[in-house]
Amino acid sequence: MVLGILGSGSGSNMQAILDAIDAGNLDARIALVLSDNPDAFILERARRRGIPCGVIDCRGFLTRFPDEAQLETAARLRAAGVTLVCLAGFLRLVKRPLLDAFPKRIINIHPSLLPAFPGLESWKQALAAGAPTAGCTVHLVDEGMDTGPIILQEEVPILPGDSADSLHARIQTVEHRLYPTAISKMAASLLAPARASLP
Ligand code: GRF
């Protein structure tokens, strides 16, 4: 798999994907890292590893992902040979222009047991709702917010005395294992039809 990563923040999930590749647990390569935030640490992580990276120009919009920016992003990902796009803490909603360029090949990691608690800071939502358990989910991206078909998910316990920070840290530890595993699963399912059509 040739991966393109989109992120807006720290990039710890991208780091986990890199670590899984380095350890020989994930047969993939990260070809391009793009961020809508020029100061995001995910870009620094990419630079340190010599991975091509760059900034997405969202035309001054704070939260929207304008169509022009999505088309530019699709062109950059294609030019890099990307076969699977991984959202890793990317804070803008991906819509038709980019979804159409990579049909069923854009995935996201979300810090809740979807369909519970879509949207921002899901671990805080889970705590506020008194949910019995938290979790994380890797899913295909569709036009909704955190609504696409689920690839993998795992429960994370909420412990007595948990703060938002302690719960988020526990969820992220699981995310770092779950995301590379989900990418392997996607690779197997994407390659299976090709193998099946061989003579
Ligand atoms: C993760 O918790 C992920 O579930 C959410 O955004 C966070 C990104 O963290 N979508 P990082 O940038 O990978 O450290």
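Reader: Which residues does Y179 touch, not counting residues up to four places away in sequence?

Author: This is a predicted model. In it, Y179 touches N13, I17, C86, L87, A88, I107, N108, I109 and V138. That count leaves out residues up to four places away in sequence.

Reader: Which residues have the most contacts inside the largest nonpolar core?

Author: A nonpolar core joins buried residues such as Leu and Ile through side-chain atoms. Here the largest one has 35 residues. I5, I30, V33, I107, Y179 and I183 have the most contacts inside it. Helix α6, residues 164-196, gives the largest share, eight residues. A second, separate core has 22 residues, including L6, L34, C58 and F65.

Reader: Is Q70 buried or exposed?

Author: Buried means under 20% relative accessible area. Q70 has 0%, so Q70 is buried. Q70 is found in helix α3, residues 67-79. The side chain of Q70 reaches the backbone oxygen of F65 at 2.8 Å.

Reader: How many salt bridges are there?

Author: A salt bridge pairs a side-chain nitrogen of Lys or Arg with a carboxyl oxygen of Asp or Glu. The count is nine. One joins the side chains of D36 and R92, at 2.7 Å from N to O. D36 is in the loop between β2 and α2, and R92 in the loop between β4 and α4, so the pair ties together parts 56 residues apart in sequence. Both residues, D36 and R92, are buried.

Reader: What links E44, R47 and R48?

Author: A network of salt bridges links E44, R47 and R48. Within it, the side chains of R47 and E44 meet at 2.9 Å, N to O. R47 and E44 are three residues apart in helix α2, so about one helical turn separates them.

Methods:
Residues are numbered from 1 along each chain as its sequence is written. This is a predicted model: local features need pLDDT of at least 70, side-chain atom pairs count only at pLDDT 80 or more; totals for chains, interfaces and linings use all residues. Side-chain values use heavy atoms; hydrogens and water are left out. Helices (H or I, at least four residues) and strands (E, at least two) are DSSP runs, numbered from the N terminus. Buried means under 20% relative accessible area, exposed over 50%, partly exposed in between (1.4 Å probe, protein chains only). A polar contact is a pair of N or O atoms within 3.5 Å; within protein, one must be able to donate a hydrogen and the other to accept it, and residues adjacent in sequence count only if both atoms are side-chain atoms. A nonpolar core is a set of buried Ala, Val, Leu, Ile, Met, Phe, Trp, Tyr and Cys residues joined through side-chain atoms within 4.5 Å. Contact means heavy atoms within 4.5 Å. A salt bridge is a side-chain nitrogen of Lys or Arg within 4 Å of a carboxyl oxygen of Asp or Glu.
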